[in-house]
Amino acid sequence: MKLGRFVERQRPTIGMNAEVFLFREDKINIWDLAGQLVFRRALWVPYTKNSSGLVIVIDISAKFRLPEVRGTLRDVLELSHLQGLPVVICCNKIDLSDEDINEQDIINFLGLQNTRRHVKVFPTSAKTGTNVGKAFSWIIDTVIDRTKDRGLPGLN
Ligand SMILES: Nc1nc2c(ncn2[C@@H]2O[C@H](COP(=O)(O)OP(=O)(O)OP(=O)(O)O)[C@@H](O)[C@H]2O)c(=O)[nH]1
Ligand SMILES: [Mg+2]
């Protein structure tokens, strides 16, 4: 993201990458956590401890993996330190698929229809940039509103 351009054959993240960037006037700390199982176990808990919101990126061109996504997401959202945090779900790689994404179908499939959290689904493409800014604006605005309302620690 920091490069401001798309990397065609991006290597898998080893462990995690931490980035700070300015979005409008807000300084955003992003912890990009590797998806591979071995990293999930070791790093997702410690590195999400002080999070204000979650960005979940799904490869929607690999629909057959959605059941796995559902299981992983359920495990993540059960973590006590992540209770109530807003979640944005990016159905990414839409440039590879002609199918329209029905946001409610995704929410239902992932079992999030009754959640009290703020959850929103965006069809995105990191390649073309479609909706990437919108997805980040939404999560940042939601985090800011939530922290203002409740006096919770938020962005700094
Ligand atoms: N066509 C297309 N390719 C994408 C898109 N986003 C990522 N890719 C490609 O998909 C591959 C995986 O992307 P990554 O960003 O490394 O995926 P990741 O989820 O971070 O994977 P881990 O780091 O292993 O967790 C790379 O080759 C990217 O170039 C997209 O929106 N469209
Ligand atoms: Mg990665």
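I started with N131, which sits in the loop between β5 (119-123) and α4 (132-150). The phi of N131 is near 65°, a positive value in a residue that is not glycine. I jotted down the background too: most residues other than glycine have a negative phi. N131 counts as partly exposed because 18 other C-beta atoms lie within 10 Å. The cut-offs: 20 or more other C-beta atoms within 10 Å of a residue's own make it buried, 12 or fewer make it exposed, anything in between is partly exposed, and the C-beta atoms are placed from the backbone.

A note on what I'm looking at: this is a predicted model, where local features need pLDDT of at least 70 and side-chain atom pairs count only at pLDDT 80 or more, while totals for chains, interfaces and linings use all residues. Residues are numbered from 1 along each chain as its sequence is written, and chains are lettered from A and ligands numbered from 1 in the order in which they are written.

Next, K134. I found K134 in helix α4, partly exposed with 14 C-beta neighbours inside 10 Å.

Then I looked up K93, another positive phi, at about 70°, and not a glycine either. K93 lies in the loop between β4 and α3 (103-109). With 19 other C-beta atoms within 10 Å, K93 is partly exposed.

On to the strands. Which way do β3 and β4 run, parallel or antiparallel? β3 (residues 54-59) and β4 (residues 87-92) pair in the parallel sense, over 6 bridges. I count strands as paired if DSSP finds at least two bridges between them. Between β3 and β4 the chain passes through helix α2 (residues 66-78), and this β-α-β crossover is right-handed. That means that, with the strands pointing away from the viewer, the path from the first strand over the helix to the second runs clockwise. D59 stands opposite N92 in β4.

β1 (residues 16-23) and β2 (residues 26-33) are antiparallel, with 8 bridges. V20 stands opposite N29 in β2. The hairpin has 2 residues between the strands, and R24 takes a positive phi near 55° there.

A42 is in helix α1 (residues 37-47), partly exposed with 13 other C-beta atoms within 10 Å.

Ligand 1 has 17 residues around it, and P12, T13, G35, A126 and K127 come nearest. Near means a C-beta atom, placed from the backbone, within 6 Å of the molecule. The shell holds 6 nonpolar, 6 polar and 5 charged residues. Nonpolar is Ala, Val, Leu, Ile, Met, Phe, Trp, Tyr, Cys and Pro, charged is Asp, Glu, Lys and Arg, and the others, Gly among them, are polar.

Last, the whole protein. I read 4 helices and 5 strands, in the order β-β-α-β-α-β-α-β-α. The C-alpha trace spans about 45 × 35 × 30 Å along its principal axes. Buried residues make up 17% of the 156.
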